[in-house]
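Colleague: Could you walk me through this model and tell me what stands behind the words you use for it?
Modeller: Gladly, let's look at it together.
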Amino acid sequence: MTSYDAVLSDLDGVLRQFDHVAQADIEARYGLPLMKTAFAPERILPATLGQITEAEWVESVAVALGGDARARQAVAEFAEVSFWVDDEVRALLAKAQERVPLILLTNAMDTLEEHLDRLGLTHFADAVVSSARVGLAKPDPRIYELAAEVAGAAPSRCLFVDDRLENVEAARALGMIGVHFTEVSDLAEALGR
């Protein structure tokens, strides 16, 4: 018997993967702290809450790195690093979706829908709860509650999977079944596959 009535899955770091080697290469070539600067809370949070666009976020990163042509080129390359769907994760989530609703619960920017389209995921999940669209971001408990409501399931009957431990712990605090994703087997085990 399934111990959950819905699966809430993160997108980035679980279903979608980025080329971290390319990111590190760009940082090394330009000698700039791109990751640290781009994902500093004061820059990333307004973008993930939908207060600024992805383009405005990119500009804020370039400015924080000095704003010169070199910084802008580095940030432009960084923003265009390739990403792809993990097919094993997709298959596991699709299998779970045969039994229960699948909701993508993601801290994302205003370009999420475009990215889902590029990945072929526009109609993959039953619904998408995007931080940029709802003005809440994980680990805020309200976004988990909203996702459970969208799924039509009590929080205690939701399985939540994320690559960030703080997000998993926030879900567990609401009574959700939390899965800290570090590799595909973590998800397979949680889904009983």
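Colleague: How do the residues lining the largest pocket divide by class?
Modeller: In this predicted model, the lining has 17 nonpolar, 10 polar and 12 charged residues. There are 39 lining residues, and Asp12, Phe18, Phe39, Ile44 and Asn107 lie nearest the centre of the pocket. The space in this pocket is about 1100 Å³.

Colleague: What makes a residue part of that lining?
Modeller: A lining residue has an atom within 4 Å of a point of the pocket. Elements that supply at least two such residues include β2, α3 and α4.

Colleague: Why is α3 called roughly antiparallel to α4?
Modeller: Their axes cross at roughly 170° and come within 10 Å. Angles over 145 degrees count as roughly antiparallel, so α3 is roughly antiparallel to α4. Arg43, Ile44 and Ala47 of α3 meet Trp57, Ser60, Val61 and Ala64 of α4 in this contact. By class, that contact has five nonpolar residues, one polar and one charged.

Colleague: Now to Arg16 in strand β2. Does the model show Arg16 as buried or exposed, and how do you know?
Modeller: Its relative accessibility is 5%. Buried means under 20%, so Arg16 counts as buried.

Colleague: Which residues beyond its neighbours within four places in sequence are in contact with Arg16?
Modeller: Those are Leu11, Phe83, Trp84, His115 and Leu119. As for Arg90, it is 74 residues away from Arg16 in sequence, while their C-alpha atoms are 9.2 Å apart in space.

Technical notes. Residues numbered from 1 in each chain as written. Predicted model: local features only at pLDDT ≥ 70, side-chain atom pairs only at ≥ 80, totals over all residues. Heavy atoms only, no water. 1 Å grid on protein atoms, 1.4 Å probe; cavity = no way out; pocket = protein on both sides within 12 Å on 5 of 7 lines; lining within 4 Å. Points joined across faces, edges and corners; volume = space filled by probe spheres on them. Helix = DSSP H or I, 4+ residues; strand = E, 2+ residues; numbered from the N terminus. Nonpolar A, V, L, I, M, F, W, Y, C, P; charged D, E, K, R; others polar. Axes fitted to C-alpha atoms, helices over the stretch in contact; angles between N-to-C directions. Parallel < 35°, antiparallel > 145°, perpendicular 65-115°, else oblique. Contact = heavy atoms within 4.5 Å. Buried < 20%, exposed > 50% of the residue type's maximum accessible area, 1.4 Å probe, protein only.
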